[in-house]
Amino acid sequence: MQKCLNCGCTEEKYFGLRNSKIYCRRCIVFKGEKARIKDSKRKMIIKPNLKYSLTIEQKELSKRTCEAIKNKKDVLIYAVCGAGKTEIVYDSISDVLNSDGQVGFCIPRKDVVIELEDRIKNAFPLVKVAAVYGGHTKELEGDIILLTTHQLYRYNNYFDLLIIDETDAFPFSNNEMLIRMFEKSLKGNYIMMSATPLKWMEDKIKKDKGV
C-alpha cells in the first residue's frame, strides 16, 4: 500500500506522478523552508515573569503537569475558557528551556497566535520568541516558537515540548493530516489543552500512555 511519509495518506486517489516521482495531492501545498535545530546553549536560568499569582488549583495543576513532562508523559489539560490554561503550562515551558530543550506552542487559528505573541514575550522576556503563521514565515527559529497547526510541517522531529491549544477547534480537530504533522514534529512530549475535549483526544492520550 502506498503511504505518504509527510501526511500519512494512504488513499490512492491522492497520489500522482510528476517527473517520474510519486507525490501526494493532499499535502502538496505544504512546501517551503524547514526550520533548523538550534545548537546554542542557554546560559541563564529561565523563570516565567508573572505579575500575579496563580490560584491554589492552578498551582496544583501546574505542578502535576511539570511532573508528568519530567517523567516523559504526555498531558491533556481539560479546563473551561478563562481558567488560565496558558499560565498553567509556563513552569513546564521553563523546565524544558532550562534543559536546553525546544518549545513549541501551536494553535489552529492565526489570530490567536498573533494575540498570544505579546503574552508569551512578556512572560519570557529573556528568550527569543518567534511567531510563525501564513504570511509571516521569515523567522522560523526561536527558543519558544508560536505557530499555527498548518506550519507544523516545517518542524520535523523538532520539539522537546509541544503545547497545542484549542485542539477541539477547526481546522485541527479530527483532521488526520494535521494530526500526523503534529506527531511528526515531536521529539519529546506534548500538552493538549481544550475546554471541550473530544473522544479522539481522550483516546490518543490513553494510547500514548499520558495523563
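Me: Where is the place of Asn157?
Reply: Asn157 sits in the loop between E6 and E7, and please keep in mind throughout that this is a predicted model.

Me: What is phi for Asn157?
Reply: The phi of Asn157 is near 50°, which is a positive value in a residue other than glycine. As background, most residues other than glycine have a negative phi.

Me: And why does Asn157 count as partly exposed rather than buried or exposed?
Reply: Asn157 has a relative accessibility of 43%, so it counts as partly exposed, because that class lies between the under 20% of buried residues and the over 50% of exposed ones.

Me: Which loop does Lys72 lie in, and what is its phi?
Reply: Lys72 lies in the loop between H1 and strand E3 (75-78), and its phi is near 65°, again a positive value in a residue other than glycine. Lys72 counts as exposed because its relative accessibility is 65%.

Me: Changing topic, which residues line the second largest pocket?
Reply: Lys72 is one of them, and the rest of the lining is made up of Cys66, Ile69, Lys70, Ser92, Asp95, Val96, Ser99, Gly101, Asp160, Gly188 and Asn189. Two or more residues of this lining come from each of helix H1 (56-70), helix H3 (90-97) and strand E8 (186-194).

Me: What volume does that second largest pocket have, and how do its lining residues divide?
Reply: The volume is about 240 Å³, and the lining residues divide into three nonpolar, five polar and four charged.

Me: You listed Gly188 there, so what is it in contact with?
Reply: Leaving aside neighbours within four places in sequence, Gly188 is in contact with Phe159 and Asp160, and Asp160 is also among the residues lining the second largest pocket. Gly188 has its place in strand E8, and with a relative accessible area of 32% it is partly exposed.

Me: How many Å separate the C-alpha atoms of Gly188 and Ala131?
Reply: Those C-alpha atoms are separated by 21 Å, the two residues being 57 residues apart along the chain.

Me: On to the helices, what is the span of H4, and where is its kink centred?
Reply: Helix H4 (residues 110-123) has 14 residues and reaches 20 Å from its first C-alpha to its last, close to the 20 Å expected at 1.5 Å a residue. There is a kink of about 30° in H4, and this kink is centred on Leu116.

Me: Which residues of H4 are buried, and what covers them?
Reply: Leu116 is one of the buried residues, together with Val112, Val113, Glu117, Ile120 and Ala123. The cover over these residues includes helix H2 (85-88), H3, strand E4 (103-107), strand E5 (129-132) and strand E6 (144-148). In general, residues three or four places apart in an α-helix point the same way, because such a helix has 3.6 residues a turn.

Me: Last one, which residues does Pro48 touch?
Reply: Not counting residues up to four places away in sequence, Pro48 touches Tyr90, Asp91, Ser94, Ala123 and Phe124. Pro48 lies in the loop between strand E2 (21-24) and H1, and at 24% relative accessibility it counts as partly exposed.

Notes: Residues are numbered from 1 along each chain as its sequence is written. This is a predicted model: local features need pLDDT of at least 70, side-chain atom pairs count only at pLDDT 80 or more; totals for chains, interfaces and linings use all residues. Side-chain values use heavy atoms; hydrogens and water are left out. On a 1 Å grid over the protein atoms alone, a cavity is a set of points where a 1.4 Å probe fits but cannot get out, and a pocket is an open set with protein on both sides within 12 Å along at least five of seven lines; lining residues have an atom within 4 Å of a point. Grid points are joined across faces, edges and corners, and a volume is the space filled by probe spheres set on the points. Helices (H or I, at least four residues) and strands (E, at least two) are DSSP runs, numbered from the N terminus. Ala, Val, Leu, Ile, Met, Phe, Trp, Tyr, Cys and Pro count as nonpolar, Asp, Glu, Lys and Arg as charged, and the others, Gly among them, as polar. The expected span of a helix is 1.5 Å times one less than its number of residues. The bend at a residue is the angle between axes fitted to the seven residues ending there and the seven starting there. Buried means under 20% relative accessible area, exposed over 50%, partly exposed in between (1.4 Å probe, protein chains only). Contact means heavy atoms within 4.5 Å.
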